Amino acid sequence: MALLSIKDVTFTFSHPVLLDGVTVHIERGERVGLVGRNGAGKSTLLKLIGGELKPDDGSVILESGARLASLTQHVPDAKGGSIFAQVADGIPNIGADIAEFRTLDLKAHTQQLSADEQARLDTAIERIGAEERGWDALHSVERTLREMSLDPDQTFDSLSAGKKRRVLLARALVTEPDVLLLDEPTNHLDIDSILWLQDFLSRYTGTLIFVTHDRAFLQALANRIIEVDRGRLFDWTCDYATFLTRRDAMLEAEEQQQALFDKKLAEEEKWIRQGIKARRTRNEGRVRALKALREVRAQRRDKVGKAKMQLQEAERSGMLVSKADNVSFAYGEQSIIRDLSTTVFRGDRIGLIGPNGVGKTTLLKVLLGELKPQSGNVRVGTNTSVAYFDQLRAQLDEEKSVRENIGDGSDFVLINGQRKHVVGYLQDFLFSPERVQTRVSFLSGGERNRLLLARLFTKPANVLVLDEPTNDLDAETLELLEELLANFSGTLLIVSHDRAFLNNVATSTFVFEGDGVIREFDGGYDDWLRQKSDTNQQAAVTAKAEQKYQASGSDESSTDNTSPTNSKPASKPRRLSFKEQRELETLPKRIEEIENRQKELHALMADPSFYQKSREEIAAATDELEQLEEELLEKFDRWETLESPTD
């Protein structure tokens with residue numbers, strides 16, 4: 001018998017049916033990833049399994065004696081008490097008694113208990129002892145806290161979101177469940193926390209059923225994929241990458257099958273419209289067959305289409321977007337940025353990697369001139385038009401409808417110079433005509449993110465700042481967003497903990513290494529890991545060479561090639577000549593002149609009347625623009641050379 005059986009389950013909130021007579025069996029030790037579009041019913045299925053919801057029809061059967069625990073998507077805002085008390089709360093019936101016993105027992109070791117405290121301690125001991133495996137439960141709490149590196153006496157409210165989720169996971173695991181349900185466990189976690197959770201769950205021996213849109217997390221953990229789609233469950237015993245290949249092949253075959261069905265239906269409809277020439281038995285059977293075809297077609301649920309996103313690009317920015325020279329910024333004693341020097345050019349796609357709260361958003365504001373550094377200086381380039389995607393979704397008015405948040409009182413939006421009705425525009429982002437009238441406060445997390453993207457893309461921009469854009473988005477919408485950003489000619493600054501997203505979009509990364517130190521690496525997340533590994537290996541080789549050199553007694557005549565005395569001396573900065581110093585002083589002004597002239601030419605060429613001029617005038621303006629582009633690149637290269645001269 002299966003550990004968990006879902007038999008002929010039907011469930012609906014409204015039309016269409018979320019789950020329509022679905023059946024699936026899950027065995028011990030399986031790690032099942034639930035996937036599907038936003039709103040397909042994944043979280044609903046988890047709640048049915050967990051007993052939070054009851055099916056309209058059918059049954060959910062858990063093996064007799066098996067235990068089940070769940071970790072919800074949302075972390076509670078306020079939940080007082082110590083970590084020990086929160087984890088002990090996961091023990092049925094005696095969780096509070098276990099927490100009471102520990103508190104009073106610890107106190108009894110250092111001071112005399114009052115009569116009331118002694119009475120409470122005795123009561124707790126009695127209740128724990130009366131429960132089957134009561135004292136084992138206490139040891140289970142202590143063991144779980146050790147395994148998850150949690151301080152039992154720290155208060156829950158003082159923790160970061162990642163640590164709070166770790167505590168809630170500990171509370172779910174303390175009963176040693178046979179089935180663990182996780183709904184979006186990586187949401188709002190930084191990469192270090194995601195990696196810890198991924199490693200921990202990979203060693204979990206129970207049955208795991210989880211919903212996530214983190215593709216790297218899904219690939220690392222799942223050995224079985226169940227897709228929720230159009231009220232049905234599609235079961236695939238494979239990893240996520242293999243599922244994608246098999247699913248695409250299945251959808252292609254389904255499309256071909258439906259095309260043949262629709263062709264046959266169209267032919268029969270054409271025949272019936274011509275009229276039945278004779279009331280023969282054969283014709284009557286053909287009419288009945290047509291009615292059956294119509295019923296099958298009426299019951300078919302077509303696959304939800306893909307979002308159709310379009311980015312509005314503003315006039316190109318200058319080649320220089322931002323230049324930081326020895327910039328430092330701190331909040332009190334906490335150093336956020338220390339001695340950072342970097343240049344952001346037009347077209348750069350920069351991913352920011354670091355723990356929650358380290359200062360990634362602060363760095364963005366400093367680079368874009370919204371925050372003044374406490375030392376050093378920042379120069380923001382010309383003609384920058386910035387659009388923000390805010391992870392807190394503060395740009396959305398909770399009390400207004402989806403339509404009102406986009407239209408701002410108008411029925412039309414202007415997209416790349418063309419007027420488009422708000423409802424039609426929102427349909428491109430998978431909002432039905434009925435759903436556009438819904439208040440934002442009633443939207444799911446994925447719908448809110450799609451709405452924020454829709455709002456963002458109504459504003460022309462050449463610099464996009466994306467702060468956690470991937471939260472709650474389904475895999476198909478994520479892939480479309482990645483494709484859209486890949487074709488964006490402007491500059492991208494991305495804060496994300498989605499490793500696959502960083503790999504697919506970012507061409508360089510800024511990594512926060514602690515105490516305000518920020519290092520730059522080429523490529524996305526995997527490229528950073530590889531370069532970090534190479535750097536660590538090189539550091540180990542250098543340290544070994546240093547030890548060998550010291551062990552040799554620092555003999556200057558040593559022929560050891562690894563000795564620092566035989567290594568090539570590092571290049572030393574040299575002083576600029578008078579002519580070079582004068583050149584360096586004039587470069588910023590010349591760069592500004594070039595960018596201003598580029599701006600004039602772009603404005604000139606954007607005017608439709610420009611192309612009514614003679615061929616020679618158009619060619620001259622185009623040639624001048626190309627020459628300015630080449631000169632600007634040369635000036636930037638020369639600027640960097642003069643600022644860091646070496647012998």
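User: What makes strand 1 and strand 2 count as a pair, and in which sense do they pair?

Analyst: This is a predicted model, in which local features need pLDDT of at least 70 and side-chain atom pairs count only at pLDDT 80 or more, while totals for chains, interfaces and linings use all residues. Residues are numbered from 1 along each chain as its sequence is written, and side-chain values use heavy atoms, with hydrogens and water left out. A strand is a DSSP run of E over at least two residues, and a helix is a run of H or I over at least four, both numbered from the N terminus. Strand 1 and strand 2 (residues 19-26) are joined by five bridges in the antiparallel sense, and DSSP has to find at least two bridges for a pair, so these strands qualify.

User: Why are strand 5 and strand 9 called edge strands?

Analyst: They belong to an open sheet of six strands in the order 5-6-7-3-8-9, with mixed pairing. Strand 5 (68-71) and strand 9 (232-236) each have a single partner strand, so one side of each lacks a neighbour in the sheet. The average twist from one strand to the next is 20°, an angle between N-to-C directions that can run from 0 to 180 degrees, taken from axes fitted to C-alpha atoms. Within this sheet, strand 6 (residues 179-183) and strand 7 (residues 207-211) pair in the parallel sense over five bridges, and V179 has T207 as its bridge partner. Helix 9 (residues 240-273) lies across strand 3 (31-35), strand 8 (224-229) and strand 9, at about 125° to strand 9.

User: What makes strand 14 and strand 20 the edges of their sheet?

Analyst: That open sheet of six strands has the order 14-17-18-12-19-20 and mixed pairing, and strand 14 (386-389) and strand 20 (518-522) each pair on one side only. Here the twist averages 15° from one strand to the next. Strand 14 pairs with strand 17 (residues 463-467) in the parallel sense over four bridges, one of them linking A387 to L464.

User: Why is a space in the protein called a cavity, and how many of 30 Å³ or more are found?

Analyst: A cavity is a set of points, on a 1 Å grid over the protein atoms alone, where a 1.4 Å probe fits but cannot get out. The search finds five cavities of 30 Å³ or more, a volume being the space filled by probe spheres set on the points.

User: What makes a residue part of the lining of the largest cavity, and which lie nearest its centre?

Analyst: A lining residue has an atom within 4 Å of a cavity point. For the largest cavity there are 17, of which V35, G36, Y240, A475 and E476 lie nearest the centre. Helix 9 gives the largest share, four residues. By class, the lining has six nonpolar, three polar and eight charged residues, where Asp, Glu, Lys and Arg count as charged, and Gly is among the polar ones.

User: How do you know where confidence is lowest and where it is highest?

Analyst: The pLDDT is the predictor's confidence in each residue, from 0 to 100. The chain averages 82, with 87% of the residues scoring at least 70. The lowest mean, 67, belongs to helix 17 (residues 525-551), and the highest, 95, to strand 7.

Methods
Contact means heavy atoms within 4.5 Å. On a 1 Å grid over the protein atoms alone, a cavity is a set of points where a 1.4 Å probe fits but cannot get out, and a pocket is an open set with protein on both sides within 12 Å along at least five of seven lines; lining residues have an atom within 4 Å of a point.
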